[in-house]
Amino acid sequence: MANSFALILVVLTLLTGAAWLFDKIKWAKKRKQAYADFQAQSEIELDDKTLAKMYPENPIIENARSLFPVIATVFILRSFIYEPFQIPSGSMMPTLLVGDFILVEKFSYGIKEPVWQNTLIPTGHPERGDVAVFKYPEDQRVDFIKRVVGLPGDRIVYKDKQLYIIAACEEAKCGDYKKLDMEFLGEQNFKHEANTVKVYSEVLGDVKHQLLINPLRGEPVQAYFQQKDVTTYAYEWVVPEGNYFVMGDNRDNSRDSRFWGFVPERNLVGKAVAKWISFEFDRGADSFLPSWVPSNVRFERIGSIK
């Protein structure tokens with residue numbers, strides 16, 4: 001769906017742009033000459049409205065020419081600078097909640113053409129701790145958002161609800177797994193969680209963020225993604241070159257790299273940088289308003305994403 005919209009936007013930009021260009025180089029000159037001829041033949045001064053009626057412009061061309069600057073601006077902003085997204089699930093709680101509307105910086109991981117996502121100008125790579133939007137590897141039509149945990153060459157272990165990382169290194173110089181420190185912050189209830197969950201803080205790279213652990217949920221190790229080209233434990237992964245390992249901050253309620261594997265670099269859409277608005281959609285069955293109408297605005301959530 002996301003790629004389809006990008007393709008539609010490209011086509012609209014090209015069509016309206018072509019109408020604008022032909023008008024500039026050909027039709028506008030003919031129109032101007034016709035207006036001049038009518039004015040020369042008239043004994044009174046004709047205003048623009050009268051001249052337009054005497055030499056009417058094709059309404060399709062007129063509308064396309066008028067819409068081109070707007071469509072072109074939207075195309076440039078959405079394709080290469082910032083794109084808005086809505087958070088549809090609770091997999092990134094507490095960092096992102098259902099109803100958060102975010103801005104994704106499209107140029108963080110390279111300037112790409114909008115349809116097939118081929119990199120035109122390399123500008124950077126994901127860093128550990130980034131919140132990234134990407135095309136779901138098992139269905140390119142779907143956009144996912146998760147936190148970058150593993151970089152190319154890293155070894156990742158997630159065992160007993162604890163994350164361990166060996167950063168990419170030469171075989172002879174690799175140390176032991178580094179256990180990421182988790183600081184317990186307390187317990188909390190969330191709308192999309194069936195029971196009380198534990199809130200921790202964790203440091204990934206230079207990013208300190210919060211995460212959720214559900215003590216009543218076990219670890220579905222039997223469902224974890226298993227690599228075929230390397231020998232690892234069921235809870236261990238080695239990130240291939242050109243790929244990334246991502247996880248949701250809601251560790252026990254997120255379908256991420258633990259279950260379906262790695263994110264290829266070409267699938268990256270951009271870095272989530274800010275929440276520009278946040279809505280609650282909490283309406284009872286007796287409400288006369290449809291469920292998609294917001295019930296509240298969470299102004300306190302507006303701001304940068306960490």
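Student: How many residues lie between E11 and E12 in their hairpin, and which residue in the turn has a positive phi?

Tutor: Before the answer, a word on the model: it is predicted, so local features need pLDDT of at least 70 and side-chain atom pairs count only at pLDDT 80 or more, while totals for chains, interfaces and linings use all residues. Residues are numbered from 1 along each chain as its sequence is written, and side-chain values use heavy atoms, with hydrogens and water left out. In general, strands of a sheet pair through backbone hydrogen bonds, either parallel or antiparallel. Here strands (E, at least two residues) and helices (H or I, at least four) are DSSP runs numbered from the N terminus, and two strands pair if DSSP finds at least two bridges between them. In this structure, the hairpin of E11 and E12 has 2 residues between the strands, and glycine 205 in the turn has a positive phi of about 65°.

Student: What is the order of the strands in the open sheet?

Tutor: The open sheet has 3 strands in the order E10-E11-E12, with antiparallel pairing. Strand E10 (182-188) and strand E12 (207-213) are the edge strands, each pairing on one side only. On average, neighbouring strands of this sheet are turned by 25° against each other, direction ignored, where the axes are lines fitted to C-alpha atoms (for helices over the stretch in contact) and angles run from 0 to 180 degrees between N-to-C directions.

Student: How many bridges join E10 to E11, and over how many do E11 and E12 pair?

Tutor: E10 and E11 are joined by 6 bridges, whereas E11 and E12 pair over 7 bridges. Glutamate 183, for example, has serine 201 in E11 as its bridge partner, while tyrosine 200 is partnered by leucine 211 in E12 and leucine 204 by valine 207 in E12.

Student: Why is E11 largely enclosed by the rest of the structure?

Tutor: Burial is judged by relative accessible area (buried under 20%, exposed over 50%, partly exposed in between, with a 1.4 Å probe and protein chains only). Because 6 of the 8 residues of E11 are buried, this strand is largely enclosed by the rest of the structure.

Student: How many aromatic pairs are there?

Tutor: A pair of aromatic rings is described by the distance of the centres and the angle of the planes. Rings of Phe, Tyr and Trp (its six-membered ring) pair if their centres lie within 6.5 Å, and planes under 30 degrees apart count as stacked, over 60 as edge-to-face and the rest as tilted. By this rule the count is 20 aromatic pairs. One of them is the edge-to-face pair of tyrosine 35 and tyrosine 55, with 6.5 Å centre to centre and 90° between the planes. Tyrosine 35 lies in helix H1 (residues 2-41) and tyrosine 55 in the loop between helix H2 (48-54) and H3, 20 residues apart. Tyrosine 35 is partly exposed at 22% relative accessibility, and tyrosine 55 is partly exposed at 30%.

Student: Which parts does the pair of tyrosine 136 and tryptophan 260 tie together?

Tutor: Tyrosine 136 and tryptophan 260 form an edge-to-face pair, 5.5 Å centre to centre with 75° between the planes. Tyrosine 136 lies in the loop between strand E5 (131-135) and strand E6 (143-150), and tryptophan 260 in helix H4 (residues 257-260), so the pair ties together parts that are 124 residues apart in sequence. Both tyrosine 136 and tryptophan 260 are buried. Elsewhere, ring pairs link Tyr224, Phe225, Trp237, Phe245, Phe259 and Phe262 into a cluster.
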